[in-house]
Amino acid sequence: MTQFNDAELTTAVIRSFDQTPNPRVKFLLQELVKSLHDYVRRTDLTFEEWDYAIDFLTRTGQKCTDIRQEFILLSDVLGVSMLVDAVNHRNRDGATETTVLGPFYVGEHKVTPHGADISASLPGERMFVQSRVTDLKGKPLAGVPVDIWHADDDGFYDSQKPDYTAQGPSSRARFITDADGRFYFRTIVPCSYPIPTDGPVGQMIKQTNRHAMRPAHVHFLVNAKGYEPLITHVFMDGDKYLDSDVVFGVKDELIATIEKRTDPVMPDGKSADGPWSLMTYEFRLKPGGGMAPAPLGTKVAEDA
Ligand code: BEZ
Ligand code: FE
């Protein structure tokens, strides 16, 4: 009978996965065991601390629903989401930079005509967004679905509101690029906002004296056949949280200068009804494949 000391224990647990049929799963599990054991050893983790961690993870799971994902939030604030993004996008070759998907990609991205106001009923400063999708050489890509979502003037996404199911989506839409790769829409200028702080992740942020803010941004998911799905944001230049995003998601290339305008008409020739802002940003896609993530709450078929 082996008498395990702490080093032998790690070797035994790693070996216990030796017969795992899928080599990648075997590798991931054995590396996870190494890292977890190493953490316990380096920190001399106490029983109380381990109990606290189990309780924290339990509460994180209990906070999740079809449209609320506390585990994504945890991964985001620990920088894991951005690290997974970084190791999977090491060579951009001139393609637009990527950033976190975040927990508010919840579906209901209805195809919407160009020029539509996706925040029609919301108060806020009006903004016109004009954009284009191209390949790495600048060739326009037509017929590409682009999902958009952003927070309102109070810093909340539609899905965070109690009446979301009854009210349906707001500041959330899908546009299909035209023959010249273009799409455009009206909305409000988003503001910086705190990530949800009413759960265990927010509690951790408060208890560790971090701030919970994200700089203002609009989310884009560009999903063209034959190209890598592009998950990104466009940030608003001048936001005071650009250097301290709670989820570490800002990249310089993703910061857009937002022009303040007073012209009486917007770029599509329709009336502006007062001062407005203009966001202009182009997306360059890299050839590739793969699937864009399914929105939260979408039922994914189980393996047969
Ligand atoms: C968001 O931008 O929607 C987001 C991303 C990560 C954590 C929380 C919110
Ligand atoms: Fe966001």
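This note goes through the ligand, the cavities and the pockets of a predicted model.

1. The ligand and its shell. Ligand 1 is surrounded by 13 residues. The closest of these are D76, Y193, R214, H217 and H219. Sorted by class, the shell around ligand 1 consists of seven nonpolar, four polar and two charged residues.

2. For H217, an N or O atom of the side chain is 3.0 Å from an oxygen atom of ligand 1. For Y157, the distance from a side-chain N or O atom to an oxygen atom of the ligand is 3.3 Å. On its own, ligand 1 has 260 Å² of accessible area, and the protein covers 100% of that area.

3. Where the ligand sits. Ligand 1 is found in the largest cavity. Two elements each give two or more residues to the shell around ligand 1: helix 4, residues 70–77, and strand 7, residues 217–222.

4. Finding empty space. When a probe the size of a water molecule is rolled over the atoms, it shows where empty space is left. The next points take the cavities and then the pockets.

5. The largest cavity. How many cavities of 30 Å³ or more does the structure hold? There are two of them. The largest cavity has a volume of about 90 Å³. Its lining is made of 14 residues, and G102, P103, F104, Y193 and R214 are the closest to its centre. By class, this lining has ten nonpolar, two polar and two charged residues.

6. Which residues line the second largest cavity? They are L122, H150, A151, D152, F156, Y157, D158, K161, S170 and S171. The class count for this lining is four nonpolar, three polar and three charged residues. Y157, which belongs to this lining, is also the residue with a side-chain N or O atom 3.3 Å from an oxygen atom of ligand 1.

7. The largest pocket. About 890 Å³ of space lies in the largest pocket. Of the 18 residues in its lining, L36, Y39, W50, A53 and L57 lie nearest the centre. The elements giving two or more residues to this lining are helix 1 (6–16), helix 2 (23–43) and helix 3 (47–62). The lining divides into 13 nonpolar, one polar and four charged residues.

8. The second largest pocket. The volume here is about 350 Å³. The lining has 20 residues, with S81, V84, D85, L101 and I231 closest to the centre of the pocket. Helix 4 and helix 5 (80–88) are the elements that give two or more residues to it. Which element gives the largest share of the lining of the second largest pocket? Helix 5 does, with four residues. By class, the lining has nine nonpolar, eight polar and three charged residues.

9. Helix 4 in two places. Helix 4 gives two or more residues to the shell around ligand 1. Helix 4 also gives two or more residues to the lining of the second largest pocket. A reader who wants to follow one element through the model can start with this helix.

Technical notes: Residues are numbered from 1 along each chain as its sequence is written. Chains are lettered from A and ligands numbered from 1 in the order in which they are written. This is a predicted model: local features need pLDDT of at least 70, side-chain atom pairs count only at pLDDT 80 or more; totals for chains, interfaces and linings use all residues. Side-chain values use heavy atoms; hydrogens and water are left out. A residue is near a molecule or strand if one of its heavy atoms lies within 4 Å of it. A polar contact is a pair of N or O atoms within 3.5 Å; within protein, one must be able to donate a hydrogen and the other to accept it, and residues adjacent in sequence count only if both atoms are side-chain atoms. Accessible areas come from the Shrake-Rupley method with a 1.4 Å probe; for residues, only the protein chains shown count as cover. On a 1 Å grid over the protein atoms alone, a cavity is a set of points where a 1.4 Å probe fits but cannot get out, and a pocket is an open set with protein on both sides within 12 Å along at least five of seven lines; lining residues have an atom within 4 Å of a point. A molecule sits in a cavity or pocket if more than half of its atoms lie within 2 Å of its grid points. Ala, Val, Leu, Ile, Met, Phe, Trp, Tyr, Cys and Pro count as nonpolar, Asp, Glu, Lys and Arg as charged, and the others, Gly among them, as polar. Grid points are joined across faces, edges and corners, and a volume is the space filled by probe spheres set on the points.
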